[in-house]
Amino acid sequence: MKIICIGKNYVNHAKEMGSDVPKKPLFFLKPDSAILPKKHPFFYPDFSQNIHYELELVIRIKKLGKHIEKKFAPSYYSEVGLGIDFTARDLQESCKKNGHPWEIAKAFDHSAVVSQQFFSIKELGELSFELKKNGESVQKGFAKDMVFNFDEIINHVSKYMTLKIGDLIFTGTPEGVGPIKIGDHLEGFLNDKKIINLNIK
Ligand code: MG
């Protein structure tokens with residue numbers, strides 16, 4: 001399986017990164033080795049001094065497809081969970097500056113936290129999500145604020161890549177990204193259900 005991550009999909013996050021909102025969905029990949037095994041803490045890697053959290057809605061692909069039209073996209077997913085797209089911001093800045101690929105900043109081991117539980121989107125209705133760091137709210141997002149919605153993302157990505165059953169799409173982070181340090185405790189809430197509970201070690 002692969003993990004597809006959308007960049008700058010919330011206006012206020014694009015702003016905080018000093019960027020314009022993209023005209024088409026921007027995406028990059030993380031390998032399956034990026035997934036943090038369940039119940040594991042996140043160990044701060046020694047190659048970065050500035051790891052940031054990015055809490056995101058994650059959808060799981062349930063049907064094989066490519067060149068998926070927007071109107072058919074809803075049949076390719078039905079459940080949503082949460083993920084944290086851990087980013088080595090210092091490495092990412094230097095990759096961007098030098099025009100280099102940024103896998104070392106985004107695709108490293110355990111850079112993808114995925115909630116164990118996924119929920120029916122129909123049952124949840126309007127989606128909201130929140131990250132707390134050490135008990136304090138640091139990010140709050142609403143699916144309705146996405147620049148490109150789930151269907152537009154699927155339409156765009158599937159022009160270039162076949163989507164396979166089990167693929168995950170991290171759909172972008174809202175504003176409020178920030179650093180973690182050893183000893184921090186992160187909690188992710190999807191419509192008030194706590195489904196991420198993670199210690200940084
Ligand atoms: Mg992200």
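**Notes on the predicted model**

1. Let's start with the parts list: the protein has five helices and 14 strands (both are DSSP runs numbered from the N terminus, with at least four residues of H or I for a helix and at least two of E for a strand). Its radius of gyration, taken over C-alpha atoms, is 16 Å, close to the 17 Å that the globule rule gives for 201 residues, so the protein is as compact as a globular protein of that length. That rule is 2.2 Å times the number of residues to the power 0.38.

2. A quick word on where this comes from. It is a predicted model, where local features need pLDDT of at least 70 and side-chain atom pairs count only at pLDDT 80 or more, while totals for chains, interfaces and linings use all residues. Residues are numbered from 1 along each chain as its sequence is written, and side-chain values use heavy atoms, leaving out hydrogens and water.

3. Now find the open sheet of four strands, ordered β10-β9-β13-β14 with antiparallel pairing (two strands pair if DSSP finds at least two bridges between them). Its edge strands, β10 (136-142) and β14 (193-199), each pair on one side only. Inside the sheet, β9 (residues 128-133) and β13 (residues 185-190) are joined by five bridges, and Leu 131 has Gly 188 in β13 as its bridge partner.

4. There is also an open sheet of three strands, β6-β3-β12, again with antiparallel pairing. Here β6 (87-88) and β12 (178-179) are the edges. Two bridges tie β3 (residues 51-53) to β12, with His 52 standing opposite Pro 179.

5. Glu 54 and Glu 56 are both buried, meaning under 20% relative accessible area with a 1.4 Å probe, protein chains only.

6. Finally, look at the inside. Beyond its neighbours within four places in sequence, Ile 84 is in contact (heavy atoms within 4.5 Å) with residues including Glu 54, Leu 131 and Leu 198.

Technical notes: Buried < 20%, exposed > 50% of the residue type's maximum accessible area, 1.4 Å probe, protein only.
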